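Please look over the sequence and the model before reading on.

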Amino acid sequence: MTKHSEDTPDLEPLFEAARANALEPSPDFMARLMNDAEAGAALNAAPPETAPPTAHPGVLTRLVRALLPVSGLTAATAAGVWIGVGLPDTDIASALLFGADSEVDLSAFLPASDLSQFSTTEVDG
Amino acid sequence: MLQPDPSLIDDQVPDAALLVAVGNGDAQAARALVQRLGPRLFHHAARLLSDRTEAEDVVQETLLRLWKIAPEWRQGEAKVSTWCFTVLNNLCTDRLRAKKPTVAIDAIAEPTSELRSVVAQMTEIDRANALAAALDTLPERQKQAVVLRHIEELQNPDIAQIMDISVEAVESLTARGKRALAAALIGQKDELGFSDD
């Protein structure tokens with residue numbers, strides 16, 4: 001029961017009457033709620049449609065994940081070794097490895113028709 | 001329809017524990033919660049909406065939402081009943097706002113002498129009906145606060161949470177609501193059996 005303050009009438013008899021004469025839910029409605037409840041619980045009990053991801057990935061998965069970040073570095077290293085060891089000792093290989101720093105080196109990359117442009121390299125004595 | 005295990009309806013098992021069980025797929029716990037909360041929620045909705053069908057709709061919707069959130073429910077964070085009343089209250093508010101505004105208290109005619117004689121024979125049901133009619137004249141928030149406090153008998157902090165307002169605001173709303181009810185019903189105070197002392 002709720003106490004009423006002195007400046008408001010005591011409406012408690014009316015509140016009491018309201019509590020005692022509440023509109024009750026029908027049996028049909030309660031049955032509907034029960035059916036919903038059972039269906040709701042069953043949905044929560046049902047396993048998910050797809051298997052959840054495993055907490056501990058397999059060895060292969062972990063290996064691939066570990067190698068992914070270094071794969072670029074590995075590829076670059078392998079290419080360097082191939083150029084250094086696999087190619088014959090040519091100007092192209094030297095140029096690729098050490099840079100083209102002379103006209104002779106450059107000429108190796110240019111078409112023959114363009115060589116005339118570099119013919120002025122002779123020094124007047 | 002299976003009836004819930006009586007031991008689950010017993011208040012010994014907290015609502016939150018039942019809801020966690022529902023989250024794990026326990027249908028019996030769900031039925032027990034319906035048995036506990038269904039009628040209370042329905043009473044409240046029926047008082048606010050004054051319509052059985054609409055009250056059924058909002059109660060059903062509230063409980064469907066409850067089953068949905070059950071797997072994520074964390075014990076100790078909120079009362080299940082408070083959560084339900086909050087959802088229910090909001091659903092009722094939406095419906096009330098979609099309806100035409102309630103009648104202002106000033107617009108209620110004083111009972112005629114003929115009506116007074118009828119009122120004199122009022123039973124308790126009539127008192128409940130008179131209160132319901134007077135409640136319908138209150139502004140929506142006042143009505144909600146008065147019903148939650150004085151008919152559902154919830155505590156002010158719970159009502160504050162349900163209505164998303166401060167405890168002081170709840171006190172203010174209920175006080176103003178009761179004054180407005182008294183003003184609407186004072187002409188029938190003898191018949192209705194309340195005193196203004």
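The points below treat the basis of the model, its confidence, the interface and two residues of interest.

The model is predicted: local features need pLDDT of at least 70, side-chain atom pairs count only at pLDDT 80 or more, and totals for chains, interfaces and linings use all residues. Residues are numbered from 1 along each chain as its sequence is written, chains are lettered from A and ligands numbered from 1 in the order in which they are written, and side-chain values use heavy atoms, with hydrogens and water left out.

**Confidence in chain A**

- Chain A has a mean pLDDT of 68, with 31% of its residues reaching 70 or more; pLDDT is the predictor's confidence in each residue, from 0 to 100.
- Within chain A, confidence is highest in α2(A), at 94, and lowest in helix α6 (residues 103-107), at a mean of 52.
- Residues 1-6 of chain A have a pLDDT below 50, yet this stretch has twelve contacts in the model beyond near neighbours in sequence.
- Where pLDDT is low, predicted coordinates should not be read in detail.

**Interface between chains B and A**

- In total, 50 residues of chain B are in contact (heavy atoms within 4.5 Å) with 36 residues of chain A.
- The area buried between the two chains is about 3,700 Å², of which carbon and sulfur atoms give 66%; buried area is the accessible area (1.4 Å probe) that two parts lose on being put together, summed over both.
- Three salt bridges are counted between chain B and chain A, a salt bridge being a side-chain nitrogen of Lys or Arg within 4 Å of a carboxyl oxygen of Asp or Glu.
- A salt bridge joins the side chains of B:Arg31 and A:Glu38, at 3.2 Å from N to O.

**A:Asn21**

- A:Asn21 lies in the loop between α1 (12-20) and α2 (27-45) of chain A; helices are DSSP runs (H or I, at least four residues), numbered from the N terminus.
- A:Asn21 counts as partly exposed because its relative accessibility is 28%, where buried means under 20% relative accessible area, exposed over 50%, and partly exposed in between (1.4 Å probe, protein chains only).
- Leaving aside neighbours within four places in sequence, A:Asn21 is in contact with B:Glu124, B:Ile125 and B:Ala128.

**A:Glu12**

- A:Glu12 lies in helix α1 of chain A.
- With a relative accessibility of 3%, A:Glu12 counts as buried.

Notes. Helix = DSSP H or I, 4+ residues; strand = E, 2+ residues; numbered from the N terminus.
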